[in-house]
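Here is a walk through a two-chain model, taken piece by piece. Keep the viewer open as you read.

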Amino acid sequence: MLRRQLSSLSGRINSIPMAPPDKILGLTEQFNADKNDNKTNLTVGIYKDNWGQVTTMPSVARAQAMLDQSFEMNTDLSYLPIKGCPDFRENVLRFLYRESCPQGVELLNQERISFVQTLSGTGALAVASKFLSLFMSHTVWFPNPSWPNHANVFQINGFKNINHYTYYKDGQLDVDGWISDLEKAAKSTNDSFPPCIVLHACCHNPTGLDPTLEQWKRIMDKIHELKMIPIIDMAYQGLDTGDVYKDAYLLRLSLDESRYQWSNGLFLCQSFAKNMGLYGERVGSLSVVTSRGAEEKRSVDSQLKKIVRGMYSSPPGYGSRVANIVLSNPHLKNLWFQDVENIAKRLQSVKAKMAERLNWDSLQDPTRQHGMFLYTGLNASEVNTLREDSSIYLVQDGRLSLSGLNDSNIDYVCDALRKLEK
Amino acid sequence: MSKTIFNNVALLPPDALFNIKQRMSQDSRKMKVDLGIGAYRDDSGKPWVLPSVREAEKLIQEDPDYNHEYLNITGLTSLTDPAAMVLLGQDSLALKEGRTVSVQSLSGTGALHMAASFYSTTCKDKLVYLSDPTWANHKSIFEGKGLKTATYPYWNAASKSLDLEGYLNAIKTAPQGSIFVLHACAHNPTGLDPNEEQWATILKAIVEKEHMVLFDSAYQGFASGNLNKDAFAVRLGLELLADVTPVIICQSFAKNVGMYGERAGCFHLVLPHQDEFVKMADVKAAIQSQLALITRSELSTPPAYGAKIVAQVLNKPELTKQWHADMVTMSSRIIKMRHLLRDALVSLKTPGNWDHIVDQTGMFSYTGLSAEMVQRLEKEHAVYMASSGRASIAGLNSGNVEHVAKAINEVVNYFGTSKL
């Protein structure tokens, strides 16, 4: 056969540009190849214990053992329904809208919450943004800075206008700048579709700076006044204070119906990746709190199902079965609360130990930053120096994952950080 | 800008097959048969966990290093590497020459969705040709990514056989370089596959027009019990297209490993030979980076558990051997049920020819029963199937096949023979 000319697609396939590597997970790949014995990975938001190990939380390990040993629970590997496992849905709805946010009971009774099990937080954001771009909005606002993947998710799912509101200035939260950005944009637009705004429920990623409740009231009042659609990204529930319920304060405020009526709904993207340590199993949920009753919810349900069906048919089962056992067994649930508290305590103690070793502003007030990360304020070239000279890996924006530090490496890392100051 | 746009969200009709389940649960009749399900059942009508999977689960549970850390964005290479081998074969030239890019996907649907995303960023103007009929989700997956779809004739309802002439004609008249979605084996919903000779004719016609091929491989090993036999079309396609166009293969482990709900699968892209001045490694790296971006934007990283189980099955020789036996167990039970049903219909002297039930392969049989017959089957006999007449053979077992045959016999006679 004559050697054929490559078809037009072959030609086109050769001209595909390199997509930029992922800013966070790409570094792990580089880290794995690093030969330095002292190498320290402080990039990804995976919790490690004081021995540098990623371990399964005791509550989750128990749940797994129950699942593994129970012949009954483990005989059917059939597809989950498109919207996910019904038991998981019941238990997560109860956890979120009865326990974390008690006024949600009313919403459940009025059948106003549309719910799908998702591939953790990213999956929830993907389904939400696809739905919103199909029917309601093409403009979204993220904090500056934000989790770098936020923009990817909304862009690939149809959002045309990606904006960032002021969030961080000179090591502090800038609420005035934030509010004035939103006001200015509202004045200058003639878009008939409402814009969306992504809010980090707690433990802002990457800065660790969260508004106080009073500041949140000002912010949410403004968002409500400007008829924006709130999308709450709740990835770290429990890792701030150690109390999963306490950390749901933004959800409670937002769903206070004496204060706010979200005429275009409120979207909650929730993940068990961090607070149950189920990262790779991809367990989470999207709920859409609709403005009116059951009829609206049914329409939303049907569209969310269509989106999921076209993306991946049905969510993976294993992780949700484990999470479901933790949430439905009172003993394991209490144990889980304890596990989350222990993690939060260790994160705080790592910060305290760093403060003993470094004379940094961001460390002097241990309550200023929240969650798994320390936003060091180091610039890209300092981050590069750390990586090249000491094999210490931080995210390019200076985000440091606290749990990667432990008794055996904290001196090494803090010494290297001190050297940068010179 | 204060519009309540939720008002415009339309209510979609519920999934047809989901409704079957609901209606069945409300049916109080003693003998009821579910031929709507798309999952394997054993001879007692129960879901079956493959012994090879049980063993793999045990290995993982006993592994002290098991944890829930994120996989890489492109997935577990201890899954994707052997998965490519299973599909393309030990002697695959494409593998030897390093022309493949493989990433983990959320089973078959996730791989198809990834293909649709990838096409839509690289060649959005191409028409995507789907068989008529095809799996209902195909159309929405491609159209959901903004691609235009068309159909090619496949099923000749009168003769219950392949409409090869129509098929070839569609290949010839399609714009040069279109995308053809082909079912690698066990065509869903008809269960009818081209024979080897017909495959060669079809693929050569595709080569002539330099079309691109996407193989949807959801039933490898499940259809015949033999992985190589069920990969015939894929491997022939790769051979014939090796100098022509890239081939995408969407590989699901839902059916052949029986882990439907764990969403294990792979997306493979096989590049044709390139001119000397093209650096294959660069092209592959760019493609892989785009695929990673798609995954990162939709799920961050693929789910771990199912991938780890399948990786065990594919990497541990004794488990692989057990898995091969498990596929024979499933496929031979299905084939046996096909024969029992056909033979029962023949002995009942049910009007019409029923040989197509045994000629078809995979989970389903396109029975040729009309929508009104299907309705009567449900109403009078508590036998449930999709209104298209697609019956899941996995729902048959030695306890109910006789009942189903009698029920079909009754409805066929009730409506007369003209429709068959």
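What follows goes from the overall build of one chain to the contact between chains, and then to a few local spots.

## Ground rules

This is a predicted model, so to speak with some care: local features need pLDDT of at least 70, side-chain atom pairs count only at pLDDT 80 or more, and totals for chains, interfaces and linings use all residues. Residues are numbered from 1 along each chain as its sequence is written, while chains are lettered from A and ligands numbered from 1 in the order in which they are written.

## Chain A overall

Chain A comes to 16 helices and 13 strands (DSSP runs numbered from the N terminus, with helices being H or I of at least four residues and strands E of at least two). Its C-alpha atoms fill a box of roughly 65 × 65 × 65 Å along the principal axes. A compact globule of 422 residues would have a radius of gyration near 22 Å, and chain A agrees at 22 Å (taken over C-alpha atoms, with the globule rule being 2.2 Å times the number of residues to the power 0.38).

Of the 422 residues of chain A, 50% are buried. Here a residue is buried if 20 or more other C-beta atoms lie within 10 Å of its own, exposed if 12 or fewer, and partly exposed in between, with C-beta atoms placed from the backbone. Take the contacts in chain A with a separation of 6 or more: 75% of them join residues 24 or more positions apart (contact means C-beta atoms, placed from the backbone, within 7 Å).

## Where the chains meet

Chain A puts 72 residues into the contact and chain B puts in 66 residues. On the side of chain A that touches chain B, α11(A) gives the most, with 10 residues. That side divides into 29 nonpolar, 29 polar and 14 charged residues (nonpolar is Ala, Val, Leu, Ile, Met, Phe, Trp, Tyr, Cys and Pro; charged is Asp, Glu, Lys and Arg; the others, Gly among them, are polar).

## Helix α12 of chain B

How far apart are the end C-alpha atoms of α12(B), residues 304–315? They are 16 Å apart, which agrees with the 16 Å that 12 residues should span at 1.5 Å a residue (the expected span being 1.5 Å times one less than the number of residues).

In α12(B), 11 of the 12 residues are buried, including B:Tyr305, B:Lys308 and B:Gln312. The buried residues pack against α12 (318–328) of chain A, and also against elements of chain B, among them α2 (51–62) and β10 (264–270).

## A buried proline

A:Pro315 sits in the loop between α11 and α12 of chain A. Why does A:Pro315 count as buried? Because 33 other C-beta atoms lie within 10 Å. A:Gln117 is 198 residues away along the chain, yet the two C-alpha atoms are separated by 6.9 Å. Leaving out residues up to four places away in sequence, A:Pro315 touches residues including A:Leu80, A:Gln117 and A:Ser320.

A cis peptide bond joins A:Asn205 and A:Pro206, with omega about 15 degrees, and A:Pro206 is in the loop between β7 (196–200) and α9 (213–225) of chain A. In chain B, the bond from B:Asn188 to B:Pro189 is cis, with omega near 15 degrees.

A:Lys227 has a positive phi, near 55 degrees, and is not a glycine. A:Lys227 counts as partly exposed because it has 16 C-beta neighbours inside 10 Å.

Note on methods. Two residues are in contact if their C-beta atoms, placed from the backbone, lie within 7 Å.
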